[in-house]
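Subject: Structure handover

Hi,

Here is the structure I said I'd pass on to you. Have a look through it, and then read on for what turned up.

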Amino acid sequence: MNKWLYDLAPWKLKETKEEERRSRIIRTLLEGILYLAHVYLPFTPRAANKILSALGAASVPLEELDYHYTNLKPGSDIAAMDRVLFEKLALDAAGASEEEGEGAGPSKVFPLDIRVGEVKEATLVEETLQLLKVDVGDGRTLQVVTRLHASSLERCCEGKKICLLLNVNETTFQGHRSEAMLLCGQQSKPTKAYALLQPPSPAAPGQVILPKGFTAASSLPPIDVRKDFSRLPFKIGDDGVVFYSGSPVMVEQVAIVAHGIAKGSKVV
């Protein structure tokens with residue numbers, strides 16, 4: 001987009017006869033920024049929401065955006081940003097940014113809502129599908145459909161503690177509704193294997209799971225699992241410990257693990 005804008009250079013179109021072309025370029029630019037804000041929303045929610053606020057637009061599912069670039073309504077107010085969105089940080093000799101005062105807390109926001117769940121019912125509904133009723137705290141029970149793999153079949157049993165991704169759109173598998181995503185480690189080499197991400201047994205249903213050094217967002221839009229989740233920086237480390245962007249994923253200061261899954265494997 002930067003090259004496109006530089007090549008067209010609307011700031012050079014100053015003649016009255018060029019006004020319509022200049023307006024079309026700027027309109028297309030704002031529509032492109034609106035689209036990018038939606039793409040970035042699962043990964044940098046605070047920054048993306050600032051962009052949407054400046055454009056006077058609300059977030060919608062990607063599939064609802066008009067790809068003919070007519071999402072912004074004529075006459076809408078475009079607010080000026082009060083600061084550069086991604087400022088360059090000046091680091092001191094110790095490697096801390098000038099914005100980090102003594103005792104400052106974590107500043108990174110985790111773009112996912114992952115919770116501890118406890119399986120209350122587990123039913124085999126198809127040869128390769130299992131239907132789970134999962135307690136996620138606060139009196140809520142969600143229905144989750146999971147595909148069965150030889151390495152994880154026996155682990156999806158009543159009373160089992162699991163890790164669930166909640167900010168996803170409801171989906172349907174072979175006619176069965178699924179309201180959340182069950183998280184597993186997936187190993188490709190030397191042999192293909194799966195293992196459930198395992199919270200510590202004392203963890204209570206509904207407890208928030210976060211990478212170390214990250215904070216939970218106050219609200220999160222649903223992510224497109226097929227498009228967005230695989231891009232997230234999850235990796236399995238030593239002893240099956242789950243990492244996100246280099247930080248161990250934890251609940252109550254205890255690491256989440258995928259037992260028996262090789263280092264370098266991914267989370268699915």
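First, a term you'll need: a pocket here is an open set of grid points with protein on both sides within 12 Å along at least five of seven lines. Bear in mind that this is a predicted model.

By class, the lining of the largest pocket splits into 25 nonpolar, 11 polar and 8 charged residues.

The largest cavity has a volume of about 30 Å³, and Glu 31, Tyr 35, Leu 65, Asp 66, Tyr 67, Tyr 69 and Asn 71 line it. That lining comprises 4 nonpolar, 1 polar and 2 charged residues.

Last, a pair of helices. H2 (residues 19-40) packs against H3 (residues 45-55) at an angle of about 150°, and their axes are 8 Å apart. Angles over 145 degrees count as roughly antiparallel, so that is how H2 runs relative to H3. The crossing of H2 past H3 is left-handed. On the H2 side, the contact is made by Leu 30, Ile 33, Leu 34, Ala 37, His 38 and Tyr 40, while H3 brings Pro 45, Ala 48, Ile 51, Leu 52 and Leu 55. In terms of class, this H2 and H3 contact has 10 nonpolar residues, 1 polar and no charged ones.

Cheers

Key: Residues numbered from 1 in each chain as written. Predicted model: local features only at pLDDT ≥ 70, side-chain atom pairs only at ≥ 80, totals over all residues. Heavy atoms only, no water. Axes fitted to C-alpha atoms, helices over the stretch in contact; angles between N-to-C directions. Helix = DSSP H or I, 4+ residues; strand = E, 2+ residues; numbered from the N terminus. Parallel < 35°, antiparallel > 145°, perpendicular 65-115°, else oblique. Left-handed = near helix turned anticlockwise from the far one by under 90°. Contact = heavy atoms within 4.5 Å. Nonpolar A, V, L, I, M, F, W, Y, C, P; charged D, E, K, R; others polar. 1 Å grid on protein atoms, 1.4 Å probe; cavity = no way out; pocket = protein on both sides within 12 Å on 5 of 7 lines; lining within 4 Å. Points joined across faces, edges and corners; volume = space filled by probe spheres on them.
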